[in-house]
Amino acid sequence: MTRRGFRVLFVILLAALLCKGCLVKDVPESEISKKTIENNSINIDYPAPKNVTLNGIDYLQSQAPIGKFGGELIASTIGEGPKTFNPFNCKDNISSLMAGIMYDGLLSSDPITGQPIPKLAKSFSISENGKDYTIKLRHGIKWTDGKPITADDVIFTWNDIIFAGLGDTSTRDSIIIDDKLPTVKKINDYTVVFSTPKPFAPFIRMLSTPIAPKHIFMPATKKGPEYFDSFLSTNTQPKDFVTSGAFKLKEYVPAQRVVFERNPNYYEINTKEQKLPYLDKVIYLIVGDLNNEVLKFEAKELDVISLQGSKVARYKSLEPHSDFKLYNLGPNTGTMYLSMNLNNRKNDKGQYYVDPIKQKWFQDLNFRKAVDYAIDRKSMVFNIANGIGAPLFTAESLNSIYLNKKLKPYDKDINKSKELLKKSGFYTDKKGRLFDKAGHRVEFNLYTNAGNSEREAIGVMVKQDLEDLGMKVNFKPIEFNSLVNKLVSTFDWDMVIMGLTGSPLEPNGGKNVWLSDGRLHMFNQRTPKEGKIGILSWEKELDEMFIKGALATKFEDRKKYYDKYQEIAYNEKPFIYIYSPVIIVAIRDKFKNIYPSSLNGITHNIEEIYIGD
């Protein structure tokens, strides 16, 4: 493609990024219809499923065009594959994705508006006081082993797994209100009521948490936390899974593939009263890295791929003569960042997690700001994402309804970086090498996860930008699990380039990252025994903003607190945000009933997708 052609493509994509549509703000149900936000327009004509009752069974009925049964869709994952299939013990995105295919929650989110909608539940309502949530389950729907899904499964899931703190406690931690948990009680076999101590705006979205079959999970819960952590591991035989989702596990071959087959007991039907899903199989190939993923898509071994910006121009030129179609899903709903380890505490052996000399650098706000101003975000967007994205400066993603637009972007300013370093006593020698005021050479390790070529490219550019200040940067891409272990277990790291997933509708999902004792408070991680030891003044303020933001019930009130948390992050630089890529997805045009969503992606309605002529 010519340079002019690329510029035209960039303008088209940028225009799509800035194009306006509608999403609903996450506020109490009575206010939902009043609150809309601007976002990229994709396809807002998705025909949402409806409830129907046939022969005493409460089905979800697809309103999409009727399709053909059969065939398979082949997608991919980067890295080494899932670490578990237990939906309550997922600590990585791939495991969560796999478990999410097999286990449904009471509610889900409308892919276009973001409103909570029924899933395993037939309906839900919120009391006038905002504290009681009545959930009515579908009558007659079944687990894959033919046993009915009832209120007992819901009560067990929340009381014996989530509230009991088994597996990953992120859900539990995010709904603690004034040191109290919500309660859940059974009204009858198909009705439960959740009650929160106070009106708690984010709770409705927590009801998308998977529900477990009591008769399968109860023995595991009785054997204790250690056993539960290994329950439904990747070594479990597919026949031993009892699930509720549209697809169930058929085969797992480590480092190669995960194969799902249609669930014949699924509770969604089409308008001909035929049971969905249409596809026989959904297969995820474990491809290792992004480059291998592209090779497999071009060899027609994959049906769908999310493209890096550097690939978009080429695929756009190929599209008219190919068997695939490109979709622009708008800004990434997550955030990509550089972070420094602010942990200045000692481990059980009396050793510092981080070299005390480096601790002083990282704890110095002038040092963090100097790093921030040295990073050339615009060059990264242009050179790594090929202009398909935008610089990011905020803790909320660019399409978040809570984005604080008062926080202004800025350009790279190497002179400002040098001024900030000078204020804290840093100096350079005749060779341009940077030293602290005690004469220590500024040298540290910079990590990211190996195999993610985008982050590796960012690391190379960050290394160069910081070496322009005289710093010595040892860039070390390492295996993802090893990196996660450093971040949240051993705490032995200096700087890292990573990303966090997020929701543009609910900041409370990041509570575990921002609360000072959160399990993912990576920049100053504490062990459970440490609690809030060594809390910084601005960390304390972040705690306060998230607690107050969750308890406020009106959007306008909540936004004030979430604006403030972003302001604190913007000023204190625990995370130095890099850029937000635009999500461009290619999918084979043989697949029909494709309704792209900026919130839920390209295959959110996988049970309705079919292979056409």
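A cavity is here a set of points, on a 1 Å grid over the protein atoms alone, where a 1.4 Å probe fits but cannot get out, and its lining residues have an atom within 4 Å of a point. The model is predicted, so local features need pLDDT of at least 70 and side-chain atom pairs count only at pLDDT 80 or more, while totals for chains, interfaces and linings use all residues. Residues are numbered from 1 along each chain as its sequence is written, and side-chain values use heavy atoms, with hydrogens and water left out.

View 1. The whole structure holds four cavities of 30 Å³ or more.

**View 2. Elements and residue classes around the second largest cavity.** Helix H19 (555–572) and strand S25 (575–577) each contribute at least two lining residues (DSSP runs numbered from the N terminus: helices, H or I, at least four residues; strands, E, at least two). S25 gives the largest share, three residues. Seven lining residues are nonpolar, none polar and three charged (nonpolar: Ala, Val, Leu, Ile, Met, Phe, Trp, Tyr, Cys and Pro; charged: Asp, Glu, Lys and Arg; polar: the others, Gly among them).

**View 3. Packing of H12 and H14.** The axes of H12 (residues 365–374) and H14 (residues 414–423) lie 8 Å apart at about 170 degrees (lines fitted to C-alpha atoms over the stretch in contact; angles from 0 to 180 degrees between N-to-C directions). H12 is therefore roughly antiparallel to H14 (over 145 degrees). In H12, the contact (heavy atoms within 4.5 Å) includes Phe367 and Tyr373, and in H14 Leu420 and Leu421.

Technical notes:
Parallel < 35°, antiparallel > 145°, perpendicular 65-115°, else oblique. 1 Å grid on protein atoms, 1.4 Å probe; cavity = no way out; pocket = protein on both sides within 12 Å on 5 of 7 lines; lining within 4 Å. Points joined across faces, edges and corners; volume = space filled by probe spheres on them.
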